[in-house]
Amino acid sequence: MDLQHDLEAKTEQAAKEAALKSKQLFVFIVKAEAEILKGVFNVATFFPKQIINGFAEKSEEVYKGKQTIKQLVGSGAKLDNIPIDKDKMGLFDSVARSYGVDYSIKKSAEVSGESKPRCYVFFKAKDMQVLQSAFKEFAAKVVDNERKKSVKERIKEDRAQAKTQNRERSREKKRSREAEL
């Protein structure tokens with residue numbers, strides 16, 4: 001019973017909204033006819049924005065930042081590319097976003113002789129000054145990351161150092177015992 005009451009209420013509400021919209025459309029059409037008859041009908045000022053946007057041709061979308069190669073080629077600009085290791089793509093992505101570079105990433109087929117998998121970054125060639133500064137920052141970040149040791153490497157070094165220290169302690173302990181005897 002409660003569901004039926006809710007359904008009837010929703011149906012009634014929808015009917016009221018439809019009647020209101022049709023009344024608004026009728027008033028709009030009457031006003032448009034009156035303006036047309038007067039000869040002073042100005043489409044740009046009279047039509048609501050939703051109607052103008054519905055009639056207007058869809059403009060081409062302008063893509064920014066990371067894109068597909070198809071979208072990048074569609075922009076009509078000349079493309080250049082650079083190879084980058086896959087493990088450094090995160091660094092490049094953050095730098096490119098900060099500089100507003102339009103780019104696309106193409107992962108290369110892994111060659112059995114290559115030690116590291118590579119990606120090719122395609123970008124528009126028209127923004128050369130922006131690209132140069134972005135690549136300088138990217139290169140600086142790569143060098144900085146290579147200078148820093150990973151946590152695993154630091155742990156290995158610490159373990160090796162601890163082993164040598166333990167060996168030295170045991171030797172000293174042995175020598176001190178021998179001296180006591």
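Me: Start with Val 130. Where is it found?
Reply: Val 130 is found in helix α6. One note before we go on: this is a predicted model.

Me: OK. Is Val 130 buried, exposed or partly exposed?
Reply: Partly exposed. Its relative accessible area is 34%.

Me: What does Val 130 touch, skipping residues up to four places away in sequence?
Reply: Tyr 99 and Val 101.

Me: And how far apart are Val 130 and Ala 96?
Reply: In space, 9.6 Å, C-alpha to C-alpha. In sequence they are 34 residues apart.

Me: Ala 96 sits in α5, then. Which residues of α5 are buried?
Reply: Met 89, Phe 92, Asp 93, Val 95 and Ala 96. The helix itself covers residues 89-99.

Me: What covers them?
Reply: The cover includes three strands, β1 (79-85), β2 (103-107) and β3 (118-124). Helix α6 (128-147) is also among the elements that cover them.

Me: What is Asp 93 in contact with, leaving aside neighbours within four places?
Reply: Lys 66 and Tyr 103.

Me: What follows α5?
Reply: Gly 100. Its phi is positive, near 70 degrees.

Me: Switching to cysteine. Where is Cys 119?
Reply: Cys 119 is in strand β3.

Me: Buried or exposed?
Reply: Cys 119 is buried, at 1% relative accessible area.

Me: What does Cys 119 touch, beyond four places in sequence?
Reply: Ile 82, Pro 83, Ile 84, Lys 86, Met 89, Ile 105, Lys 106, Lys 107 and Ser 108. Met 89 also came up among the buried residues of α5.

Me: How far is Cys 119 from Ile 82?
Reply: The two are 8.4 Å apart, C-alpha to C-alpha. Along the sequence, 37 residues separate them.

Me: Now the surface. Which residues form the positive patch?
Reply: Arg 159, Lys 163, Arg 167, Arg 171 and Arg 175.

Me: Take Arg 159. Which helix is it in?
Reply: Arg 159 is in α7, which runs over residues 151-180.

Me: Why does Arg 159 count as exposed?
Reply: Because its relative accessibility is 60%, and exposed means over 50%.

Me: What about a nonpolar patch? Which residues make it?
Reply: Phe 26, Val 27 and Val 30. The patch is about 270 Å².

Me: Where does Val 30 sit, and what is its accessibility?
Reply: Val 30 is in helix α1, residues 2-38. It is partly exposed, with a relative accessible area of 40%.

Me: Zooming out. How many helices and strands in the chain?
Reply: 7 helices and 3 strands. From the N terminus the order is α-α-α-α-β-α-β-β-α-α.

Me: What share of the chain is buried?
Reply: Buried residues are 17% of the 181 residues. The accessible surface is about 15200 Å². Carbon and sulfur atoms hold 54% of that surface.

Me: Last one. Of the contacts with a separation of 6 or more, what share joins residues 24 or more positions apart?
Reply: 63%.

Terms used:
Residues numbered from 1 in each chain as written. Predicted model: local features only at pLDDT ≥ 70, side-chain atom pairs only at ≥ 80, totals over all residues. Heavy atoms only, no water. Buried < 20%, exposed > 50% of the residue type's maximum accessible area, 1.4 Å probe, protein only. Helix = DSSP H or I, 4+ residues; strand = E, 2+ residues; numbered from the N terminus. Contact = heavy atoms within 4.5 Å. Patch = residues over 30% accessible without salt bridge, like charges linked within 9 Å, V, L, I, M, F, W, Y side chains within 5 Å. Areas by Shrake-Rupley, 256 points an atom, 1.4 Å probe, with all protein chains shown as cover. Salt bridge = Lys/Arg side-chain N within 4 Å of Asp/Glu carboxyl O. Lys, Arg positive; Asp, Glu negative; His and termini not counted. Charge placed at Lys NZ, Arg CZ, Asp CG, Glu CD.
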